[in-house]
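The following exercises are to be worked with the sequence and the model at hand. Each task is followed by a solution in steps.

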Amino acid sequence: MKNPLSSIFCVILFVAAGFAQENRPIVDVYKEKLADMLVANDGEKVKNAQQDFQKLCFQAGAPGQEKDRKELVGLMLQTMEDPQAAAAHGWLIRQVGRLGDGSAAATIGKFLDSDNDRIRDEALWALGNIPAPEAVKVLTDTLGKEKDADKVAALKQAIAYHKPREAVAIKSLDEILKILSGTDEKAWDAALPHVAWLEKANIASVPFFKERFGKLAPRAKVLLIDALAVVKDRSAIPLAIDAAKSDDEETKLAGYRALGEIGDKSILPQLVRTVQEKDRFGNTVRDSLCRLNFDGADQVLIDAFDKSTDNGVKTELLEVLRKRKGKIAIPVFEKALSSDDEGLRRRSISALESIAEASAIAPLIDRFFAEKKSDTREAIERAIVTISSRYEDEDGRGQALCDEIAKRSLDEQGILLPLLGRIGGSASKKFVREQFANPALQDAAFKSLCVWPDASVTDELYQFASNSGDSRNKEATRAYLRVITLRTDRSPKESKQLFDKGMELAKTVEDKKFLLTRVETARSREVFEFAAPYLDDADLQQEACRAVCDMANDHNFYMGHRKIIDPCLDKVVAIAKDKKLVERAQRYKERR
């Protein structure tokens, strides 16, 4: 089980300038961040939402926030009962476990029977971490029914973690310093968590605090600096500065971490100088710059960027501003697009891709046509697509790019049009369709359709693919096969009909193989029956083997249709050239 200190100190990585939306109702912030966490195709968005929400959980867990903590736990438990939010369940279980609310034990206990090992482990950890009799009861009740030896051992360990510990009543930093001055490291570990619950932690109010801190053992210094950083004791800045100058590596790292949490503008020069040294402390210092949380921190960083004449420093500051995601820095990024320094230009493109809005598309396009290097041009294209894709269809997804394309010369329009295909949306589709009226732009509009991100252009691509006299037939066929295999809400019958049409259109073995390798996205009995006959086709049987195994991989689907799947798996074992496919087929048949 986790050390009791870890749930306090782990938040150091996440505490930034304060939760930006802390003045909004918790339910509104919760719904917003939960929606972002469930965006399956955007890993960065999910990660950012998790980190933001973890800050909110930390704030709700502080003393005096019982009302907010109760509301937040209630919202998370409600979501944990919703199967549509399954992607967030494991993460939410972890947060509820950290908050330690006994009322959550029964709901969390339901996940001890999960088929998902990760979810089950999170539930076990949470129940072990919640210091309440309700959690012990859930664990004990589950233990009485469990037969699996490994799970029994894990449950016993979680229950043992609840054994009463010696109570420690510490009321001041002075007492904690006295304990840290001793040699009993177990006593250190017992004392340090109390820093987070002191009514007001102010190390400068402790008599002779600098001298006493200087005499502590390195590990005791690290523990104390970390704890003071968590509670935002700015009077500890001198200690953090001294720690950052230490010859002991762990103490030095703790000092730099603390400066990111409690530092003010006075420490900025020191951090910037250190991050420029690019030694083993560089990443920690960069993280500290990213976490600076005094009022006006972003503007201080921007001022430092403007005043610096060192492009290396400016590049580092751009990256810090990018990670801080402050909208105030967008004009800085846009200005840096025209820098003579390639590194600055690349960092500004990356920064705009991370946080910019539609207004940044115009300067990015200007830079695109001014840029000579192909890889930088590609980076600009990615940034434009990413920024545009942040908008939902009803918010005019792609409209800003459409407006910019319309202002450009004919040659530039032809270059930019395919980008709309990577963005999608009704505004983009309408604009692309209109361009077919101009012979000079038809090829560019066609290329846009070929890279469309969803299946809404299926009919248009079919028209091109089925026209044997059109020189674009081959490219359209491959694009059609791609979009019909994208995940949609169409019925199994409709999917099979589209796949049948796709096989008719596919004139080459390569195209037929391409289709077979993608049919698993529409897994159903009808689609399985579409793929299975190709096990007897000498040209396509290896791809059919993969399609059969990919669909059989879904345990529920397999158990519901094993009468038709098992004979196909036997064929896979007999004909597959890939040993891994053979092993998979054999393993699936052994499931019960």
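**Exercise 1: A residue and its contacts**

A105 touches L127, E134, A135 and V138, where residues up to four places away in sequence are not counted and contact means heavy atoms within 4.5 Å. This is a predicted model, in which local features need pLDDT of at least 70, side-chain atom pairs count only at pLDDT 80 or more, and totals for chains, interfaces and linings use all residues. Residues are numbered from 1 along each chain as its sequence is written, and side-chain values use heavy atoms, with hydrogens and water left out.

Task: Determine where A105 is found and whether A105 counts as buried or exposed.

Solution. 
1. A105 belongs to helix α6, residues 105-109; helices are DSSP runs of H or I with at least four residues, numbered from the N terminus.
2. A105 has 1% relative accessibility and therefore counts as buried (under 20% relative accessible area; exposed is over 50%, partly exposed in between; 1.4 Å probe, protein chains only).
3. Although A105 and E134 are 29 residues apart along the chain, their C-alpha atoms are separated by 6.0 Å.

**Exercise 2: Helix α19**

Solution. 
1. Because 11 of its 14 residues are buried, α19 is largely enclosed by the rest of the structure.
2. After α19 comes K325, whose phi is positive, near 60 degrees.

Key:
Helices (H or I, at least four residues) and strands (E, at least two) are DSSP runs, numbered from the N terminus.
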